[in-house]
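Trainee: I would like to learn how to read pairs of strands and helices. Please take me through an example.

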Amino acid sequence: TTSSGPQDLVVIGGGPGGYAHAIKAAQLGLKVTCVEKRGTLGGTCLNVGCIPSKALLHSSHLYEDARTNFAAHGVVVKDVGIDLPAMMKHKNGAVSGLTKGIEGLFKKNKVTYVKGTGSLVAGGSGEGRQVKVSLVDGGETTIDTKSVTLATGSVPSGLPGLTVDEKKVITSDGGIALSEVPKKMVVIGGGVIGLELGSVWRRLGSQVTVVEYLDRILTGMDSETAAAFHKILKRQKMGFKLSTKVTGADTSGDGVVLTVEPSAGGEAETIEADVVLVATGRRPFTSGLGLEEAGVELDKVGRVVTDEHFRTSAEGVYAIGDIIAGPMLAHKAEDEGLVSAEMIAGGAAAHVDYNCVPSVVYTHPEVASVGKTEEQLVEAGVEFRKGVFPFMANSRARTNDVKGDVASGMVKVLADAKTDQLLGMHIVGPNAGELIAEGVFALEYGASAEDIGRTSHAHPTLSEAVKEASMAAYGKPIHF
Ligand code: FAD
């Protein structure tokens, strides 16, 4: 499809930032075109990120549950095995169903979808921008538009000295599509993506070692929470080499021989692996967009600079999602997409409260966090009270689980010492990613720990642990 006539808004990139932005702008009456080069909508998240990884996390969890947990619940299954092609088929089905669903939403909301690579034509301004599109099917088109939103996302950043072939040395793109379970896998980077995909392959039978430069996993997350999670992962037999840096890789043999040494310097050693997953972060993807010529400024790490209303340094050009500052998360990109669409359409100058953006690690148990960490409060000199409630004392966690994975999980609530206002919530435990929504809501509305503690929570549910941790922050819990 090509756009019909001048547009109010052209969105470059059809990921969770771009597609949600395009739909919202169209709902608000703008004439919108979304340009996407991948051939499918949904961006990193739906095609090679959130969705395929969560499908594999769920499938591999079912396998591990059947193998190690069913018997204790009195469920007898024989010959539990893996059919990796079937697992991948399920994952691919979820991806294609959801990406096609967005095409449907575009039609429903009258967003024009152009398959191609978009770039800014130099020299435009406010009322008269142009976007050039090199079409996937060949040829080129130029679209006139009032505004342009850049939502081109991010790509894996890789590591110097390691050549990614997506077979032996892989990024997350390869990590969601292996055709067999590697015997030994090394994951470089103890962040969310490395720990999630490392968990997938460990559950399916790989011996997984995580090599991390720093002396802890999940940098930036509340450290007590990260430490509790680290303990659980070790009990699940995930190996760790912390304070260790990778200095080279030899891929000439069957597998990969990695050279590592202490981060602070010291004696080098080698680790052998069949597959090495490089999960050292992602970088904003801005190449080929014609930014410099159009006057769009980048910061030192290559992110598009915007003000709090997502305006770039070029008039009429906005940017959202992974290409700008802030956590690289799909819901953050979407939140930015929605408020900036309202703004472009002439509504209120809305903003995103980044303190209220949750982050989740979708392992088992899950880790979820919102607001300030304990370290941040200490550093800022804020007086706070802390309430911790372990899942070990939560009846629903005990009825569901037998492996003890939840036993070291907990809900931690941080509240202002004087006003009792909620400042942060951190959870390691089953369904933490769903439970954190309560903390996000409370934080967004400025609730106190007592507000949560005095709110009725159904029994027996995991959410009672949130209530009791809140009770512990302003007084005492009942069950611990
Ligand atoms: P993207 O999703 O990267 O989309 C940008 C799109 O722009 C791409 O489709 C690209 O093809 C297109 N594009 C680029 N340049 C051009 C151009 N010139 N012309 C046309 N199109 C172009 N986040 C979560 O919140 N939860 C999770 O569970 C989660 N899991 C993840 C797991 C993995 C393995 C990975 C890699 C990421 C995960 N993320 C997760 C992060 C999430 O995927 C990103 O934060 C999110 O996709 C960013 O959205 P975006 O719209 O900014 O960019």
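Predicted model: local features only at pLDDT ≥ 70, side-chain atom pairs only at ≥ 80, totals over all residues.

Trainee: How many bridges join strand β12 to β13?

Mentor: Strands of a sheet pair through backbone hydrogen bonds, either parallel or antiparallel. Strands are DSSP runs of E, at least two residues, and helices are runs of H or I, at least four, numbered from the N terminus. Two strands pair if DSSP finds at least two bridges between them. Here five bridges join β12 (residues 256-262) to β13, and the two run antiparallel.

Trainee: Which strands form the open sheet, and in what order?

Mentor: The order is β11-β12-β13, with antiparallel pairing. β11 (244-250) and β13 (269-273) are at the edges with a single partner strand each, so one side of each has no neighbour in the sheet.

Trainee: At what angle do the axes of helices α1 and α9 cross?

Mentor: Axes are lines fitted to C-alpha atoms, for helices over the stretch in contact, and angles run from 0 to 180 degrees between N-to-C directions. Those of α1 (residues 16-27) and α9 (residues 330-344) cross at roughly 30° and come within 7 Å. Angles under 35 degrees count as roughly parallel, over 145 as roughly antiparallel, 65 to 115 as roughly perpendicular and the rest as oblique. The two helices, α1 and α9, are therefore roughly parallel.

Note on methods. Residues numbered from 1 in each chain as written.
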